[in-house]
Amino acid sequence: MSPGRHRNRTNIRAAGVAAAVGVLFITAGGYFGYRQLASPGCSGQVELAVAVAVELAPAVDAAATEWENEGAAVDGSCVEVSVTASEPVEIAATVAAKHGATLAGVDRASGAAASPDVWVPDSSAWLFRLKSGGATAFDPGNGASIARSPVVVGVPEPIASQLGWPAQELTWSALVGQVNSAEPLKAGTVNPTRDAAGLSGLLALSAAAAAGEDGQAATVGALRSLSASSANLRQELLAQFPTSTDSSTLAGSLGAAALSEEDLLSYNAGKPAVPLAALYPTPAATPLDYPYAVLPGVGSAKASAAQMLFDVLTAASFKDRLAPLSLRAPDGTWGAGFSGPTGAPSAPADGGNAIGALDPLAVERAVSSWSIATQSGRMLCVIDVSGSMRESVASANGASRQQVTLDAAGRGLHLFDDSWQIGLWEFSTNLGGGRDYRRLVEIGPLSSQRGELEAALTQIQPTRGDTGLFDTVLAAYEAVQEDWEQGQVNSIVLFTDGKNDDDNGISQQQLIAELEQIKDPERPVQVVLIGIGADVSKEELESITKVTGGGSFITEDPTKIGDIFLKAIALRETDS
């Protein structure tokens, strides 16, 4: 290390393991003064803040140090790189807060959290989630890979041997069968809303389940099985694996979990009593691809420095820095010193194109489905039955708006487990008793009225009436608030395809005034409004949710309301 340098680089990996609790900062104080003495032409300083996934940070840090020692500069200014080893979910929360995005399952960042100039998370999935979550300035394409780790299924070796490892190849379809069998393999995951390897495994498992017989039931079954042994932190999940080979311990412990290859190798390096076998099910799950993303808003000098650092991190020699960390190069090959698990493929069939392998819509569906299947709540579903809901939807093979809406509601209902409380109303105008709404099923536990709800959905038909939106929203809000329950998300989800057009009802101003008067911060009711088609008024819907909390979602394509419904439910906040 050069004289005058105060950068602590001696134990970044060991310290980084604790980054699930805190974030490790590696600074470079004092080096600029040394650089000025060594390079008189260095007239200024460009400070580049780089946040890197914990397991990759030592390699990035070492490469940045070498680059600086060789005189890194931009337009005559020295480049000072500050590497931060951090959990991707923590930086994702910070970036989301800065760019106005909302990520299901990710806690809000504190106001003091600082966003880096360059971010290297473990997966491009984070970039896609930020984009779809509302960070419109965020470009998922801005993130070429600098490392790679395949996603494997970690299985205790005695159990893996029973599955035919290492001779027999495992498929994700076979794994679905194992998880959903009468004597299921006890599978778990790190919360896929917070962990990229967990998300990759969930995507692969869900795709295999959906492609099989009775795909929806298989998918829901797999979600429920995984959630029973899920954890928010990787170390918590790893602690569920067996600590001895006796049959009772093996039977009661975790039997399978999606992990990165690096996670598994690090676990086995600790010499556990029961090592994990790495199974590589086909088709291959989306790997962790460690994208190098320059975040929006950095100046031109930092952008130039970031590009130069990227060139350093994609040089051929960087592969050998990755190997001791049990990481591969972006193309899936490895450098000197890498020791892969038994059965590890030498290179991926897709040439390392992890970004191309990701389907943003599939990512959003998986995250939303997980959030719904693993939380509980109390919800009133309100469905528009005005005459315009009869209109056919060309993109849905001529099905009506009503049919598409009911199908989305029905599919969503299958994701809710019996801990949920659900009610169902329909609304138009003049549905009896001077009301614009009709109570079909009162809010109650799905454990006792799931069949009643399913039957009620099949009976809903469009009327000849108009859209009595304002009267219905007020009545629904009052109904949910009246029997409000602590510790639950008390909410309304309302589907509509039009503006309020009830001349005999309350006005928009009256509705807002009433909601302002009756809302209670101690008994919040979140309102989610889903608008379908071009006739919906965004201003009307947003004026309501501005008062109540929740959110409004509008699409001109009714076939998308199923995904919007899942996303809207998944993004709700739990009442404290």
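In this predicted model, the largest nonpolar core holds 131 residues, of which Leu-56, Trp-119 and Phe-416 touch the most other members. Helix 8, residues 196-211, gives the most to this core, contributing 9 residues. Another core lies apart from the largest one and comprises 27 residues. Phe-470, Ala-479, Leu-494 and Leu-515 are among its members.

Of its 576 residues, 55% count as buried. Contacts between residues at least 6 apart in sequence were considered next. Of these, 77% join residues at least 24 apart.

Helix 16 spans residues 360-373, and helix 22 spans residues 561-570. The two pack at an angle of about 50°, and their axes are 8 Å apart. Helix 16 and helix 22 are therefore oblique to each other. Their crossing is left-handed. On the helix 16 side, the contact involves Leu-361, Glu-364, Arg-365, Ser-368, Ser-369, Ser-371 and Ile-372. These residues meet Asp-563, Leu-566, Lys-567, Ile-569 and Ala-570 in helix 22. By class, the residues of this contact divide into 5 nonpolar, 3 polar and 4 charged.

Notes: Residues are numbered from 1 along each chain as its sequence is written. This is a predicted model: local features need pLDDT of at least 70, side-chain atom pairs count only at pLDDT 80 or more; totals for chains, interfaces and linings use all residues. Side-chain values use heavy atoms; hydrogens and water are left out. Axes are lines fitted to C-alpha atoms, for helices over the stretch in contact, and angles run from 0 to 180 degrees between N-to-C directions. Helices (H or I, at least four residues) and strands (E, at least two) are DSSP runs, numbered from the N terminus. Angles under 35 degrees count as roughly parallel, over 145 as roughly antiparallel, 65 to 115 as roughly perpendicular and the rest as oblique. A crossing is left-handed if the near helix is turned anticlockwise from the far one by less than a right angle, and right-handed if clockwise. Contact means heavy atoms within 4.5 Å. Ala, Val, Leu, Ile, Met, Phe, Trp, Tyr, Cys and Pro count as nonpolar, Asp, Glu, Lys and Arg as charged, and the others, Gly among them, as polar. A nonpolar core is a set of buried Ala, Val, Leu, Ile, Met, Phe, Trp, Tyr and Cys residues joined through side-chain atoms within 4.5 Å. Buried means under 20% relative accessible area, exposed over 50%, partly exposed in between (1.4 Å probe, protein chains only).
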